[in-house]
Amino acid sequence: MLLFADDQEPPTSLHRKALSYLAELCEGESACNQVHELTALFQTGDYDKAHEMLMPEFDHCTGEKCFLLSVLKAKIFYEKSLIKQAINEYKVSLDLRDKLPPSFREDFAIEPVMASLLLEEEAFLTSIQYLRPWVERHLASENKDQFGGYYHNLGIAYLHLKKFDSSAFYFNRSIEIEMEMADTLGLAISYMDIANLYYEQYLDGQAIPYFQKGLEYALLAQEPEVLRNAYLNMAVVEENRGDLQRALSYRKDFEKVQNTLWNRDKVWEMAEKEKIYEIGLKEREITILEQKELVKNAELSRQRWQIKAYLIASVFLFILAGVVAVGYRIVSKSNKQITEQKRVLEQMDTAKNRLFSIVAHDLKAPVRSLQRSQQKMAAAASAQDKETLLALAAENGHLLNATQNLLNNLLQWSLDQTNQVHLMRESIEPGRLIEQVLYDYEPMFQEKGIDLETDFVSGPMVLVDIQSMKVVFRNLLDNALKFTPKGGRVHIATSTRGDVVRITIEDTGCGMEQGVVDRLFEISQAKIQTGTDGTTGTGLGMILCQAFVSRNGGTIEVESQVGKGTIITLNLPRIAET
Amino acid sequence: MEKIRVLIIEDEADQADELQVFLEKGGYSVCGIADSLTEGLGLFYALKPDLVVADIYLKGNPEGISFAERMGENMNTARPLIFLTQHADFETFRQAKLVSPYSYLLKPFNPLELQYAIELAMEKFASQPGGLSIKENALLMEESLFVKHKQSLIKIPISNIEYVEVDGKYCKINAREGSFLVQLSLVKMEEKLQAYHFLRIHRNYIINLNEIRQIHLTDNQVILNGERALPVSHTYKDILMKRFDVLR
């Protein structure tokens, strides 16, 4: 009885797929590296190590990952020829797969693999139970070569179970596909198997042509083992038929192929042995070389240490020198800074002292005037001189106004000097800002008989702190009011020049000498000016104006001619319109 | 035309009086005066003013700021706010860098400064910088259009607007209370009014759909409740019919 069982290797794609799924699933570098390592182990065939790596992973896996690990574990069992364990593990895989989305059922065709393993274990009925439903569910149109194998396996299983009809059906389907694929080797095997099928049933007439066909295809396929079986089959068949001459000829052919197979195996063995011997030689050489290198390395590392030591020492010395140099520079620089700061502080101190004396003078004058006026008022009151009283009251009003302005400026100045002014910038049309300040001044200009003209452009905007700019305009309007005589004219205009908004305040006042203009923003006693009503100005207002305008990103310019008037120009950056 | 209703929170009676005089001269109406945080909050929720002017310090405590915080907790009922502050407190106030938008008024102030502070408070509240103080003169807030009109602000409820028409570069709002020129283009106006029942029917007109009395399809005309007949141009006819279907 001859049966040629096909031990077909299960599709290897299962574990590859599992590994690529794991690679997609992994999170974090270490986990992903582990998957790469595992893939490498599977490629090199180091399944023991792969197994070692796989086992701890089962402790903390869920769903998809458990399934993938199980597929890999089964593959390892298979590769270690532990077929029964492999089958059991694939059963586990199948259970896990059923809990996953249906796409996994399509991607991981475990059933055919199971079936072929079961076939190896001669569990034919179980094999069929796995393979047949799967084959029926899937169409042979995809993966034709694989389906040829599946049909073949089914044929063999049925053949062993002596279900000849089913067996013949599947062998024929297998042949159909192999024909289509021009798979001569598969055809040789299939024809021989189907021949055996008939031969089993003693249908020799049907069997023999198949055996012959099997031999034809075996000759085409040139696979010695299959060819050997084909010859042997024919020899046995002819012998049984009584054609001894043919049987002998086939038997001779069989032995010829058998011999070449043996020779091939022997040549292989010899080559293996030679290889082992040569490897031994090479290994010995390598050990010798390694020892030599060890000695050399020891020498080298000693030298390297020497170099390193020199290097470290020199770097250390260099750094030390650098530190000393830098330290020296810092000390001398800070000394310089200290002297510079001292100079500036001294300057500021003298400026402040000067300011105090100016302010004291400025405060003393109105207070003295008020005192005098107070006495006059008392006298006028007792004389019931209402007119004089009213005139004195108006005069006192002016004095108090001037004094209040001075005090306001002092407060602003001290806030500015101690960095307590926090600017809140807002966009505003300059005309809109000036008009708010002007509202309070209009009656005063009117009272003094000064023409007030405004000419504001609408549109251009500036980004400024409104409160500090109001202080600036109050001071400038104060000055214009104070230094312009009755019947004079004050003209306020805004205009744009490029990305700058210009604000000009032009008066027909008494003007200043160039020397005064030049020192307008310095704190000094020398520039005290007398207003048209005899009140004096210290220039503190102008200093404040300059400080605040520059804090708002602008500049201030002064043009003046004695007897003609003064033009103050503010330049403020204009906001780009949106 | 409605006057804008202002709530004053100020503990010094003469200051409150002065503020009231300024506001009323400027065309605003003062709906209440509170002198404490508690009363201020009570009046605020009871009167639902359009604007609040609050002194930062009430009886020596920064209750004005507390008021702003309490009001800011509910954005649905919050209103534009102006802080009143003394010069002495101003630096501390500036340093506080309050998060919620507000404007401020430094005492003593004049009517122009008050008007500017009001405009700024409204703009900041509506997140429409420059909506009133620069170029444009209209602000949309809470179902109402605020229009700068003769140095003051007036409030026109959106539902009172019958239609808007092009007037040169800008547009004219025709409401029950009268017509107002707004320094906005019709396109901008359309954007603002889109969320309400307004629709463009002609390159020159946007109408309040609730004001339609009749549509004459053959004449391509819409008759408004106020008897006014407006042309419907071909471009906008289909959209109008669709909208009208939905409304019917």
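This is a dialogue about how to read some features of a predicted model.

Biologist: How are residues, chains and ligands labelled, and which parts of the model count?

Modeller: Residues are numbered from 1 along each chain as its sequence is written, while chains are lettered from A and ligands numbered from 1 in the order in which they are written. As this is a predicted model, local features need pLDDT of at least 70 and side-chain atom pairs count only at pLDDT 80 or more, whereas totals for chains, interfaces and linings use all residues.

Biologist: How many helices and strands are there in chain A, and what share of its residues is buried?

Modeller: Helices (H or I, at least four residues) and strands (E, at least two) are DSSP runs, numbered from the N terminus, and chain A has 19 helices and nine strands. A residue is buried if 20 or more other C-beta atoms lie within 10 Å of its own, exposed if 12 or fewer, and partly exposed in between, with C-beta atoms placed from the backbone; of the 578 residues in chain A, 30% are buried.

Biologist: Which residues touch the most other members of the largest nonpolar core?

Modeller: In soluble globular proteins, nonpolar side chains tend to be buried together. A nonpolar core is a set of buried Ala, Val, Leu, Ile, Met, Phe, Trp, Tyr and Cys residues joined through C-beta atoms within 7 Å, and in the largest one, of 70 residues, those touching the most other members are Met114(A), Leu154(A), Ala188(A), Ala195(A), Ala230(A) and Tyr231(A). Apart from it lies another core, of 67 residues, among them Leu37(B), Ala68(B), Ala175(B) and Tyr205(B).

Biologist: In helix H6 of chain B, which residues are buried, and which are exposed?

Modeller: In H6(B), residues 186-193, the buried ones are Leu186(B), Met189(B), Lys192(B) and Leu193(B). They lie on the same side of H6(B) because they cover an arc of only 115 degrees around the axis, the arc being that of the directions from the helix axis to the C-beta atoms. Val187(B) and Glu191(B), on the other side of H6(B), are exposed.

Biologist: What covers the faces of strand E14 of chain B, and which strands pair with E14(B)?

Modeller: In a regular strand the side chains alternate between the two faces of the sheet. In E14(B) both faces are covered, with Tyr205(B) and Ile207(B) buried on one side and Ile206(B) and Asn208(B) buried on the other. Two strands pair if DSSP finds at least two bridges between them; E14(B) pairs in the antiparallel sense with E10(B) over three bridges and with E13(B) over four bridges. Tyr205(B) is the bridge partner of Glu165(B) and also of His202(B), and E13(B) and E14(B) form a hairpin with two residues between them.

Biologist: Which strands stand at the edges of the open sheet of three strands in chain B?

Modeller: This sheet has the order E15-E16-E17, with antiparallel pairing. E15 and strand E17 (229-231) stand at the edges, each with a single partner strand, so one side of each is left without a neighbour in the sheet. Within the sheet, E15(B) and E16(B) pair over four bridges, and Gln214(B) stands opposite Ile223(B) in E16(B).

Biologist: Where does the backbone hold a cis peptide bond or a positive phi?

Modeller: Most residues other than glycine have a negative phi, and most peptide bonds are trans. Here a cis peptide bond joins Lys107(B) and Pro108(B), with omega about -5 degrees, and Pro108(B) is found in the loop between strand E6 (103-106) and helix H5 (111-125) of chain B. Phi is near 65 degrees for Glu122(A), which counts as exposed with 11 C-beta neighbours inside 10 Å, and near 55 degrees for Asn220(B), which counts as partly exposed with 15.
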